Amino acid sequence: MKTYISLWPAHAAELPFPRNLAILGSTGSIGVSALSVVARHPDLFRVVALAGGRNARRLAEQATALRPGVLAVLDAATAAELKALLPVGYHPEILVGPTAFETVAALPGADLVLSAIVGAAGFLPTLAAARAGKRIALANKESLVLGGRLIRAACRASGAVILPVDSEHNAIFQALAGHDGAHDDTGNDTELAKLLLTASGGPFHGRDAAFLAAVTPAQALSHPNWSMGPKISVDSATLMNKGLEVIEACHLFGLPVAQVEVLVHPQSIVHSLVEYVDGSQLAHLGLPDMRIPIAHCLCYPKRVSLGMPRLNLASAASLTFEAPDETLFPCLGLAKAAYGASHSHPVALNAANEVAVDLFLQGRIGFLDIPRLIEAALARHTALPENCGAAELLAADAATRRETLASVSNETTRPAQPTREE
Ligand code: NAD
Ligand code: MG
């Protein structure tokens, strides 16, 4: 089944301006970049809802500037802090708790939803937006990893459309422009040969195993090209980010994992490529700044100026490409294997990764323990029935988290605390 086409119904290009925008995760890295795009083009958007986790101060600043009618936060303490920070005379509805994000995602007054919560917490809100027929600018890749089938089915049923914010998938989406999705009787695309996802290689590109064994959270968090939230920064360092993106690409573009290739490109200028059967490879290039794919999704099909420097190829350093080292960075292979194993193995992969990244950031495990814990979680996981729903997927997610945490607590010899600073 050619998923790409089925996620892109004919009415999709007709969303009028100004667009009624709800942002899930507005206080994060993607959320803040999105609001800078909105600030540059205030005539194109009406921000109707902002949802953040626990950062009341930043959410209050954003809400004070934009005055949306609905705000959402994770808990009552954050809601109280937020309320106290809002200016006199402004009384938005403040929704509280995990289900608040689903309410925001399906808000009748919103027609464009930016899904930019980090991690599995973004799954149910994204599913709610898909069920409600929204146009979804999707940054939260974990939601497709966890429940891509359910989200795709919900989009097909409701007419919801997903536009990929993730820079690689946005690049592919742009490189697919004009491709009419020619397919054979079984629904296989007859013109698309493969997708090439580029990866910067992260901060540890070119390092050896001894170095990786001793890296600190601070080193893992300092990405050479992109400024991002902490979880995706660590995922970039382990190459799990690319693993999650391979799964994301399979769901978005309807290709088997064997037709999605990863290419390390340390300069992060070529954001991904599409290869057609005639041998043509179409690439998307640009400076590594998430405002470009965010603006593309929020304004699609309109192009807007972002008032920032543009790529100058004449003065750019040379562009290099190489195959990833999957032995040193096993997370990429683990993700591909999980996707091949069953539709629910990616749930275990993602949950174990989120726990392991947290533990690493707390200094409780070493960098190389991250793939070790994920591999063990995949080995423990029993595939769920093909037709299972969101509740079963989330139960598997919760079980994997419990087991992964317990496995670390039970270890008699705890991994050494990372010590080396670069
Ligand atoms: P971030 O950590 O900077 O921000 C996360 C946002 O989610 C914040 O607003 C936070 O308050 C909110 N949040 C956290 N936990 C929550 C919970 N349990 N419930 C509700 N809200 C919660 O993360 P980010 O870097 O902006 O990434 C967001 C998503 O976008 C991730 O899925 C990431 O993989 C994806 N993405 C990010 C980038 C990037 O450049 N940052 C690029 C591509 C894709
Ligand atoms: Mg990406």
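**A sheet and a helix pair**

In this predicted model, I would like to begin with one pair of residues, since K194 stands opposite E275, a residue of strand β10.

Now let us step back to the whole sheet. What is the order of the strands in this open sheet? There are four strands, arranged as β9-β8-β10-β11, and the pairing among them is mixed. At the edges we find β9, residues 260-264, and β11, residues 281-285, each of which pairs on one side only. If we ignore direction, neighbouring strands of this sheet are turned against each other by 20° on average. Against the sheet packs helix α12, residues 240-253, which touches both β8 and β9, and the direction of α12 makes about 150° with that of β8.

Helix α7, made of residues 141-158, packs with helix α17, made of residues 390-410, at an angle of about 175°, and their axes lie 10 Å apart. Because angles over 145 degrees count as roughly antiparallel, α7 is roughly antiparallel to α17.

Which residues make this contact? From α7 come L146, G147 and L150, while α17 contributes A390, L393, L394 and D397. Sorted by class, the contact of α7 with α17 holds five nonpolar residues, one polar residue and one charged residue.

Technical notes: Residues numbered from 1 in each chain as written. Chains lettered and ligands numbered in written order. Predicted model: local features only at pLDDT ≥ 70, side-chain atom pairs only at ≥ 80, totals over all residues. Heavy atoms only, no water. Pairing = 2+ DSSP bridges. Helix = DSSP H or I, 4+ residues; strand = E, 2+ residues; numbered from the N terminus. Axes fitted to C-alpha atoms, helices over the stretch in contact; angles between N-to-C directions. Contact = heavy atoms within 4.5 Å. Parallel < 35°, antiparallel > 145°, perpendicular 65-115°, else oblique. Nonpolar A, V, L, I, M, F, W, Y, C, P; charged D, E, K, R; others polar.
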